[in-house]
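Work through the exercises below with the sequence and the model open. Try each task before reading its solution.

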Amino acid sequence: MRFFTLPNVRFFAGGEEIRAPGALLPGVRDRDLPGYLQRLAARLPNDLARVEIEQPLMADAAAWDEVRGFLAGLCDRVGCPLSPIVASLVLGRFDRHHAHANESVLLVPLQGEIRVRFEDAVVPARFGNAISLACRPGRMLYWPAGCRVRERCAEGGLALRLVIPHDPAAPLEEVRKLFATMRQAEIHPRDETPYLPFPPRKRANGAVAVPAVLARMHRALAQAEAVEQAEQALRVQWASRVSACALEPVPGFVACDALQPRDRVRMADGARIVMMPMGAGVAVWAVNGYAFAVQDTPASELLRRRLTEGGVHTVAELCGSGVSGSDEDAALALLHRLCGARALRRTGARESAGRSRTPPASVPGSARG
């Protein structure tokens, strides 16, 4: 268990968090979930015990792709969330109460049955003060922000929870963090933790003096170029978020073998190239949560269209879309990046060309919902 890192693993027994659970965690000897649950019940027969894993999908690219594909339908229908979706797994026997003031929740049971009891004003009057629903694998429960719920899994199971933030202050907080990150070198030139004087220093007239670090921050954030850079950074961040359907953080970039002219490739299922023009002949391509700058030329746009329209292509065909050797080199570099972002798949020679179900994507100006 590594603290302050992701994925974050936590273990609870009898309502208390156990900081050093040791062998109570799943291990290599546990061949399946029922076996682990039986072992856990034997060790803790009188306690409800569970494992919670925050952001497990970043460690499993295949699982991340599956969940991102699941969320793509939601984003297509109501828009991409402005803040990242928080994914977690809960494993074991549990009885938990939650109050979700600024979060809506998608609960997806993977094994076992989970009973959810809804209380408060969201319950129609004809149901009384509360309503209970049972959810099993193959089904899903959703509840909007503002609910008080009780989740119970008495026999043990495994569930995926997707929490969609709705905090009105979240966009402002993201901009604040982005500004601070971009100007970090100016605000803290020696990369040191700022300690402010206490009691605060006073000027000759008795007024409290502004600490130097805050004055530097004010000057850095007030510069016109800082605003322009922040706008560009926000555009890149938004393109990345749309391409990931807000499922962040994303799995790591993968190392790919060099592409050969005869290699046959196609877009991975569910992957979308989200394109955002940045001006001055440059565009941003984002896919699976990764963004990179691309020369905005007719050749790059033709390459994007050929990929997003679907079908199987040879590398030579795709790189030959340009009109010059530099275009071909740029196309090959783009294909390598798409491979590293798991958006491009090598395929066997027998696979026939076809149409993809994934439409070309562009960045929406705003998201609904």
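Buried means under 20% relative accessible area, exposed over 50%, and partly exposed in between, computed with a 1.4 Å probe on protein chains only. Helices (H or I, at least four residues) and strands (E, at least two) are DSSP runs numbered from the N terminus. The model is predicted: local features need pLDDT of at least 70, side-chain atom pairs count only at pLDDT 80 or more, and totals for chains, interfaces and linings use all residues. Residues are numbered from 1 along each chain as its sequence is written, and side-chain values use heavy atoms, with hydrogens and water left out.

**Exercise 1.** List the buried residues of helix H7 and inspect the residue Gly310 that follows.

Solution. Step one: helix H7 spans residues 298-308. Step two: its buried residues are Ala299, Ser300, Glu301, Leu303, Arg304, Leu307 and Thr308. Step three: Gly310, after H7, has a positive phi near 95°.

**Exercise 2.** Describe the setting of Met267.

Solution. Met267 belongs to strand E10 (residues 264-267). Its relative accessible area is 9%, so Met267 is buried. Beyond four places in sequence, Met267 contacts Arg272, Ile273, Leu307, Thr308, Ala343 and Leu344. The C-alpha atoms of Met267 and Val312 are 8.2 Å apart, although 45 residues separate them along the chain.

**Exercise 3.** Is Glu174 buried or exposed, and which side chain does it join in a polar contact?

Solution. Glu174 sits in helix H3 (residues 170-182). Glu174 counts as buried because its relative accessible area is 19%. A polar contact is a pair of N or O atoms within 3.5 Å; within protein, one must be able to donate a hydrogen and the other to accept it, and residues adjacent in sequence count only if both atoms are side-chain atoms. The side chains of Glu174 and Arg241 form such a contact at 3.0 Å. Among the residues that Glu174 touches, beyond four places in sequence, are Leu82, Pro84 and Gln237.

Methods. Contact = heavy atoms within 4.5 Å.
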